Structure formats: structure tokens, C-alpha cells
Amino acid sequence: PTATREVLGEERTMVIVQAVTPETEDLVEMTRVNRERLLSMGHEHVCMPLVPSLDLQGDVPPCGFKPGVILQVLQEADDDEVIVWMDADAIVTRSIKDIVSTPFGWDVVVTLRDVEDIGTSQPKTNSLNSGVIFFRNSPMVRLFVARWMDLTRRIKSDQWALSLMVEEGL
């Protein structure tokens, strides 16, 4: 997919990446609202328009395309630049700058699922939610995402692959 990059102002703190298929009108609208909010906060917004037959290859869900889109953006970004993946159904309600300025060192930040969801609404293998992920770009992070992409292709689920990598050290 080809990205459309937009940014307001000279200083950018992070790049927020979303992907959406044109025929999902409600998600297109959510992405548009997020873009406006993020640009007003000074963030760069990258929107990847997906063509279901080419990019998704029947992967709705799971989103097997996600690691490849993220890796493409990481490869084009500077080292130490923060890249944030947000699913098209994620909504920005306030600034996310505080998350990246935490005093703890980090390379990748993922969301944990609520414990009560695991084994009920979500399979036991999906303890992580890959809907919003933060990446601090580096060669090791790009290697991590490339390995995530390979595992996702094999098992056909980005969330399950990510859970396996983090929980079981794959």
C-alpha cells in the first residue's frame, strides 16, 4: 500500500499509522476524525489505504497485513522515532505524548487484554491486543517486527503471533 503522510508544524513527536479499506465507511470516518485530532496535537498521521483483494488476501480478521505495513513505515523512519500503530477502530480522545515520555526504557509497548476476556470472548492464546502498539524504531525493533510478520504469515493471526513471541519467547 502507498501511504499518505500529513503533519502540521515543524516538530513531530511520533508517527501514527492506521490502515483502512475504502468500503468500510464507518472506519474511514473514524480514521478521518483521528487524523484531525492527531494533526492538531502535532503528530504525523500515515493512512494506508488497503485494497482487500491485494493487501488483505482474505485476512479480515485476522489482520495478517499489519506487521508488513508497520515494518514498511519503520524502514522509512529514523532510528529512535516513535511509530504508533492504531487499528482503524481505535479512537484518540486525548494526547498520547505522555506514553512515550515514560522514564522507563522501552522498545515496544502493547496492550494487555482484560483477564476476564481471556478464554471467554478471546482465545486463551490472545492475551495481548495488537490494536494499539508503540514502537521506538531501531534495528532490533525492525528485526522483531520482521519476525512477527513471518510468524503471522505462518499461523494466520497477528495477535496470536505477537502473544506467542512475547509470552513464549518465539
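Author: From the N terminus on, the order is β-β-α-β-α-α-β-α-β-β-α-α. This is a predicted model, in which local features need a pLDDT of at least 70 and side-chain atom pairs count only at pLDDT 80 or more, while totals for chains, interfaces and linings use all residues. Residues are numbered from 1 along each chain as its sequence is written, and side-chain values use heavy atoms, with hydrogens and water left out.

Confidence comes before detail. The pLDDT, the predictor's confidence in each residue from 0 to 100, averages 75 over the chain, and 73% of the residues score at least 70. Helix 5 has the highest confidence, at a mean of 93, and strand 1 (residues 4-6) the lowest, at 41. Residues 1-12 stay under 50, and residues 54-62 are also below 50. Where pLDDT is low, the predicted coordinates should not be read in detail.

Now the helix itself. Helix 5 covers residues 139-155, 17 residues in number, and reaches 24 Å from its first C-alpha to its last, close to the 24 Å expected at 1.5 Å a residue; the expected span is 1.5 Å times one less than the number of residues. Val141, Val145, Trp148, Met149, Leu151 and Thr152 are buried in helix 5, where buried means under 20% relative accessible area, exposed over 50% and partly exposed in between (1.4 Å probe, protein chains only). An α-helix has 3.6 residues a turn, so residues three or four places apart point the same way. The buried residues of helix 5 pack against helix 3 (66-76), strand 5, strand 6 and helix 6 (158-168). Just after helix 5, Lys156 takes a positive phi of about 65 degrees.

Strand 6 (residues 128-136) is joined to strand 4 (residues 82-86) by five bridges, and the two run antiparallel; strands pair if DSSP finds at least two bridges between them. Within this pairing, Ile83 has Phe135 as its bridge partner. Strand 6 also pairs in the antiparallel sense with strand 5 (residues 108-112), over four bridges, and there Leu112 is partnered by Leu128.

The structure holds two aromatic pairs. Rings of Phe, Tyr and Trp (its six-membered ring) pair if their centres lie within 6.5 Å, and planes under 30 degrees apart count as stacked, over 60 as edge-to-face and the rest as tilted. Phe65 and Trp85 are edge-to-face, at 6.3 Å centre to centre and 65 degrees between the planes. Phe65 lies in the loop between helix 2 (52-56) and helix 3, and Trp85 in strand 4, so this pair ties together parts 20 residues apart in sequence. Phe65 and Trp85 are both buried. Trp106 and Phe134 form an edge-to-face pair as well, with 6.5 Å between centres and 90 degrees between planes. This pair links Trp106, in the loop between helix 4 (97-100) and strand 5, to Phe134 in strand 6, 28 residues apart. Trp106 is buried with a relative accessible area of 11%, and Phe134 is buried with 5%.

Notes. Contact = heavy atoms within 4.5 Å.
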